[in-house]
Amino acid sequence: MVAFRIFAMAVSHQCMKKWKPHKVNQPSVSLIISRSFTFSSRTWQYQSVRTLILESVSSESVRLNRLSGSDSGIVEVRLERPGAKNAIGKDMLRGLQETFEAIERDASANVVMIYSSVPRVFCAGADLKERKTMNPSEVHSFVNSLRSTFSALEALHLPTIAVIEGAALGGGLEMALSCDLRICGEEAILGLPETGLAIIPGAGGTQRLPRLVGKAVAKELIFTGRKICGRDAMSMGLVNYCVPTGEAHQKGLEIAQDINQKGPIAIRMAKRAINEGLEIDMASALELEEDCYEQLLNTKDRLEGLAAFAEKRKPRYTGE
């Protein structure tokens with residue numbers, strides 16, 4: 001495992017407490033990251049240390065930006081590899097891995113948006129030019145790493161939103177499928193064209209797509225490799241919203257702002273209850289829901305919500 005190297009500045013108390021992210025107003029901070037990591041095991045306890053990551057390292061294809069002021073708690077992941085239409089090569093994969101590791105460790109983050117700075121493309125999928133230079137063993141290792149990276153994205157403790165303008169193909173769509181919500185522009189093009197290359201979607205597409213749109217629709221899209229527009233994606237439930245071209249980021253930000261105003265512990269428990277509950281039987285899922293609810297009973301945020309309701313004011317949640 002390569003160490004996660006950062007220059008960090010602590011701006012809150014250096015202590016361990018359960019569910020106590022400190023809200024600190026700060027300027028937006030951009031981060032360029034790229035190094036490999038081993039994704040840590042999930043835990044529902046987070047250190048109340050706010051860090052500003054200041055070191056730029058070798059990758060320029062993934063940037064992390066923490067919003068400030070009233071939007072503090074919203075984190076943006078920007079894909080930025082214009083020369084290759086954001087195709088995922090080894091360097092970008094390392095950048096994504098370390099990005100998700102940084103977000104998982106940041107107790108002050110409440111919601112994540114993933115979007116592209118490259119016009120008319122979200123992510124074109126795997127870098128096939130780089131793929132041609134790999135032997136079968138290297139391809140196998142790369143695809144396994146890509147699959148585990150998207151699983152790490154899916155397992156983040158906070159909500160994630162994919163903002164899609166333009167093409168989201170192959171691994172690009174698989175990344176979006178790993179997010180909780182998807183917003184696209186009308187001219188977005190989505191598809192899993194791998195069978196046309198005599199392979200299959202290998203980073204979760206064969207599993208996440210049918211869980212989202214149903215088995216028959218997923219089979220048709222994967223068997224034919226057919227690309228669909230934003231409106232079609234909306235009609236089949238592949239995306240949550242389809243908006244006019246160029247407005248997807250604004251719509252995603254509005255949803256992120258709405259989520260950011262809610263109790264952060266409650267949002268995380270809701271995500272856990274839904275995601276884990278769908279993988280087990282109903283009786284066990286209801287027990288899981290009870291456990292998640294119970295963890296909220298003694299939080300300061302729950303009392304603040306009741307007080308704000310009684311006093312007819314906006315609640316001020318702290319994640320405690």
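**Exercise 1.** Does Asp91 count as buried, partly exposed or exposed, and what is its relative accessibility?

*Solution.* The model is a predicted one. The relative accessibility of Asp91 is 27%. Buried means under 20% and exposed means over 50%, with partly exposed in between. Asp91 therefore counts as partly exposed.

**Exercise 2.** Determine how the side chains of Arg105 and Glu101 meet, and classify each residue by accessibility.

*Solution.* Step one: Arg105 and Glu101 form a salt bridge with an N to O distance of 2.4 Å. Step two: both lie in helix H1, 4 residues apart, which is about one turn of the helix. Step three: Arg105 has a relative accessible area of 52% and is exposed, whereas Glu101, at 3%, counts as buried.

**Exercise 3.** Locate the two residues of the salt bridge between Lys271 and Asp180.

*Solution.* Step one: the closest N and O atoms of this pair are 2.9 Å apart. Step two: Lys271 is in helix H9 (residues 264-277), while Asp180 is in the loop between helix H4 (171-177) and strand S8 (181-185); the pair, 91 residues apart, links distant parts of the chain. Step three: Lys271 counts as buried at 10% relative accessibility, and Asp180 is partly exposed at 25%.

**Exercise 4.** Describe the packing of helix H1 (residues 90-105) against helix H3 (residues 136-154).

*Solution.* Step one: the angle is about 30°, and the axes are 10 Å apart. Step two: angles under 35 degrees count as roughly parallel, so H1 and H3 are roughly parallel to each other. Step three: their crossing is left-handed. Step four: H1 contributes Lys90, Leu93, Leu96, Gln97 and Phe100 to the contact, and H3 contributes Phe142, Ser145, Leu146, Thr149 and Leu153. By class, the contact has 6 nonpolar, 3 polar and 1 charged residues.

**Exercise 5.** How many salt bridges does the structure hold, and which residues are linked in a network?

*Solution.* The structure holds 16 salt bridges. Arg63, Arg78 and Glu80 are linked in a network of them.

How values were computed
Residues numbered from 1 in each chain as written. Predicted model: local features only at pLDDT ≥ 70, side-chain atom pairs only at ≥ 80, totals over all residues. Heavy atoms only, no water. Axes fitted to C-alpha atoms, helices over the stretch in contact; angles between N-to-C directions. Parallel < 35°, antiparallel > 145°, perpendicular 65-115°, else oblique. Left-handed = near helix turned anticlockwise from the far one by under 90°. Contact = heavy atoms within 4.5 Å. Nonpolar A, V, L, I, M, F, W, Y, C, P; charged D, E, K, R; others polar. Salt bridge = Lys/Arg side-chain N within 4 Å of Asp/Glu carboxyl O. Buried < 20%, exposed > 50% of the residue type's maximum accessible area, 1.4 Å probe, protein only.
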